[in-house]
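Open your viewer, and let's take a walk through this protein together. At each stop you will hear what to select and what is there.

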Amino acid sequence: EGKDPKKKSATVCGFPISIFFIVVNEFCERFSYYGMRAVLVLYFKYFLRWDDDFATTIYHTFVALCYLTPIMGAIVADSWLGKFKTIVYLSIVYTVGQVVLAVSAIHDITDTNRDGTPDNMTLHIVLSMLGLALIAVGTGGIKPCVSAFGGDQFQDHQEKQRGTFFSIFYLSINAGSLLSTIITPILRGQECGIYTKQKCYSLAFGVPAGLMVASLIVFIVGSGMYIKTPPQGNIMVKFFTCIGFAIKNRFRHRTNEFPKRTHWMDWAEEKYDKLLIAQVKMVLKVLFLYIPLPMFWALYDQQGSRWTLQATNMDGDFVRSDLPSRHQTINAILILLLVPIVESVIYPLIAKCKINFTPLRRITVGMFFAALAFIAAALVEIQIERTLPKFPSSPEVQVKFINMGNKSLDLTAGTNKVTLEAFTANADYLTFEQHFDLTVGSDFNYSTTLTPGKILLLPSIKKDIEKCPPARFFNGLDSDLNVTIGNLDFGDVSANNMSVYVGPHSTRRFKIKSAAEECVYTQELGFGSSFTLIIPPTFCEQSIRPVLDMEQNSFHMAWQIPQYFLLTLGEVVFSVTGLEFSYSQAPSNMKSVLQAGWLLTVAVGNIVVLIVAEAATLQDQWAEYVLFASLLLVVCVIFAIMAYFYTYIDPAKIEAEFAQIDPKQKEKRRNSRKDSVEQHKEERRSSDSSYDNEEQKQTRI
C-alpha cells in the first residue's frame, strides 16, 4: 500500500491495464451476489419452511444490511488498511459466507431418515444466517472501495478515460446481474441429493460461491499493476471530531463580540489543520446534495415488489416460481443496451448542440425519467383494474350454484332466476346480501346466511394466484377420488367435498382415480384463471365439466416495458453519473467515504418506501404510484435548485494550495487565531470586571 500513487502504469487504448482486472472482479462478484439473491426468498420459503411474511422480512433485512455496511468498509479502507487490502480481506469473508450458505442448503447433512426433509432445521437456519451475515459484511464492505480503487488507477490527465471507466464498471455490474438471474434459477430447478432428489439450492448457491472465488483470484493476480494509494489515517474519526469541535466552538463564541467567520467549519481552525477543514467542507457540500437522492431509490427498488405484484395480474409468463427475478433480467438487458447508447450517442449529440449537460443536470434528468416511469405504471394499473373481477364489499357475498344431479334444475335465489343443466354451474357469480332465500324447483325452499366458508370465490384468490393455482375439483361421488398432475400427487378428495386449487397455468393433464375407474383429463389453464372441474358419477364415460371461476388475465405484460424502459434510462443517467460525480468531487483521502454515502442513499430509499406506503394507506394501487411520482417530481425540483447553486471544485487543486503553505506559517496562523480569541475573552472578562466594580460602588452608595 505504500507504493507511489503517482506511478505510471501500462496502458491499452489509453486505459491502465489494471482496470481490466477490476472490471472482471466486479463482474464475478455481482454475478455471485445477484445469483444468490435471485433464489434466496424461495430458499427461505420452500427449504427453511418459513411463511411469506417472515421470509420477506429476513430478505429485506439482509438487503438493507448490505447497503449499511459500506460505511464500515469505507472507514477500514481510508483509515487503516487501504482500499486494496480491504477488498482482499473482506472478499475472503464474502467467499466464506457464500460457501457456508451453500452448505446450509444441502438437505442430506441432517436427513437421517432419508425422507428428503432435513431433521435438524435449526442447524440449517443457523448456517444460513451466519452465511448471510458474512455475505452482508463482505459485499457491503467492498462496495465503496472497488469503484473508488478503479478511479485511483487514472492520472489527472485521464479524466475522459475515468468517466468511460465508470460506465464500463456499471456495465459489468449489470452483465453479471443479467447472467446470474437467468442461470441461478435454472440451477435451482435441477434435482440433486445423495439419498433423495430435491430442488438443488446447494447448486444454486454453490455456483455463486465459485464465482466469488474466481473474483478474489482475478483481483489478486493484478496486484502488481495497481496504483495503491496509502490510507490517510483515521480519517472518519477526524471527519466527525472536526465537525463536532467546530459546532462546539461556534456555540461557545455565539455572541456578537466575536468576529464572524466565512464558514461555520472555520471555527475548527483553533485545533485542526486548514487542509482537513477544507476536505471536510468538500465532503459536506456533496453530502448536502445527497439529501434528496433517496427518493429516486425509493421508486427504483419497487421493481422487486410493487411492479412484480402488478405483473401477477397481467397476461403472460413474466412471473414463475422458478424465475422469481425476471424483472431484474429485463432491467439488466435494458442497461446493457442503454449504457453504450447513452455514452456514445446521446451525450456526444448533446455536446454538439452546445448544451452544458453537467453531472448534476444528468442526475436531475434521471430522477425525472423515474417519475415518468411511475406515471406509466399508474396508467398500466388503471387498465389492469378494469379487467379484474369486481369483488363485493362487505356484507355482500358472491355465489355460484353447481348442479350435481343428472337432470336440470330451476333455481330462484332472491330476485335471480337460474336454470342449470345436469352437472353444470351458472356462468356468472351472483351477488347477495349474506342472508337470502333459495328455491329449487317447486318443492324445495331453503333460507341461509352465507359465511366465507360457504363461498366458492373469495376476494383473496385473485391476489394470491401464485398460492392458489388455477383449478380445483368438486367430488360429488360417494367415494374418495385421487388427483395427480404429472409426478405430483395432490392426494384424495373426499366424498362431497372440494379440493384445493392445484396445478400451475398452461395446459395440464390430470389423472383422476376412484376405486372403480381411472381417467386422464386435459384442461387449458390461462394465466390468472381458475376453474372448478365437476366430476360426474361415471367420469370416464361422461365428460368432466369445467366451470370457469375466474377469467384469465387479459392485459398483457408487454405493457410494462415502457415503464421499465423509462426507469432503466433514468438509472443509467442517474447512477453512472452519481458514481463519477462522487469520485470527482471527493478529496483524495475521503473518496471511499463519499462512495459509502452514495450507497447509503439506497438504504434510506428503502426505508422511505415503508414510511410512505404505511402513511398513505391508499386503496387504489395506481394512486400510490402517482403519489410516489409526485414526491419524486417535487424532490427533482428541489434538487435542481440545489444543483444550480452548487459550484464544481477540483479537490486536487485545493489540496495542493494548502500543501504549499509552510508548516511554520500554518502554526503561526493557528496561534494567531487562538490569541485573537483569547484576547476577546480577556477583554470580555475585563469589561465584566469593570462593570461588577461599578455595580458594587452603586450598591454601597
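Start by selecting Ala-596, which is buried, as its relative accessible area is 3%; buried means under 20% relative accessible area, exposed means over 50%, and partly exposed is in between (1.4 Å probe, protein chains only). Ala-596 sits in helix α16, residues 591–616. Helices are DSSP runs of H or I with at least four residues, strands are runs of E with at least two, and both are numbered from the N terminus. Next show Pro-70, Ile-71, Ala-74 and Pro-144, which Ala-596 contacts when neighbours within four places in sequence are left aside. A contact here means heavy atoms within 4.5 Å.

A word on what you are looking at: this is a predicted model, in which local features need pLDDT of at least 70 and side-chain atom pairs count only at pLDDT 80 or more, while totals for chains, interfaces and linings use all residues. Residues are numbered from 1 along each chain as its sequence is written, and side-chain values use heavy atoms, with hydrogens and water left out.

**Zoom out**

Show the whole chain as a cartoon, and you have 19 helices and 18 strands to explore. Of its 701 residues, 49% count as buried. Among contacts with a separation of 6 or more, 73% are between residues 24 or more positions apart.

**Into the core**

Select Met-36, Leu-40, Tyr-43, Phe-44, Phe-62, Phe-205 and Met-367: these have the most contacts inside the largest nonpolar core, which has 132 residues. Helix α15, residues 561–584, gives the most to this core, with 11 residues. A nonpolar core is a set of buried Ala, Val, Leu, Ile, Met, Phe, Trp, Tyr and Cys residues joined through side-chain atoms within 4.5 Å. In soluble globular proteins, nonpolar side chains tend to be buried together.

Which residues does Leu-40 touch, not counting those up to four places away in sequence? Colour Tyr-59, Phe-62, Leu-132 and Phe-205 to see them.

**The cysteines**

How many disulfides does a search of the whole structure find? The search finds 1. Select Cys-192 and Cys-200, whose sulfur atoms are 2.0 Å apart; a pair of cysteine sulfur atoms within 2.5 Å counts as a disulfide. The torsion about their S-S bond is about 100°, so this disulfide is right-handed. Both Cys-192 and Cys-200 are buried.

Now try two further cysteines. Is Cys-353 buried or exposed? Cys-353 is exposed, with a relative accessible area of 55%, while Cys-242 is buried at 0%.

**Salt bridges**

The structure holds 6 salt bridges, each a side-chain nitrogen of Lys or Arg within 4 Å of a carboxyl oxygen of Asp or Glu. Select Arg-261 and Glu-270, whose closest N and O atoms are 2.5 Å apart. Arg-261 is buried, at 15% relative accessibility, and Glu-270 is buried too, at 9%.

Move on to helix α6, residues 159–188, where Arg-162 and Glu-159 are separated by about one helical turn because they are 3 residues apart. They form a salt bridge with closest N and O atoms 3.0 Å apart. Arg-162 counts as buried at 10% relative accessibility, whereas Glu-159 is partly exposed at 40%.

Finally for this stop, show Glu-26, Glu-29 and Arg-30, which are linked in a network of salt bridges. The side chains of Glu-29 and Arg-30 meet at 2.7 Å, N to O, and both residues are buried.

**Two loops to finish**

Select Arg-49 in the loop between α2 (40–47) and α3 (52–68). Its phi is near 65°, a positive value in a residue other than glycine. Arg-49 is exposed, with a relative accessible area of 56%.

Then go to Lys-354, in the loop between α12 and α13 (359–387). Lys-354 has a positive phi of about 60° although it is not a glycine, and at 76% relative accessibility it counts as exposed.
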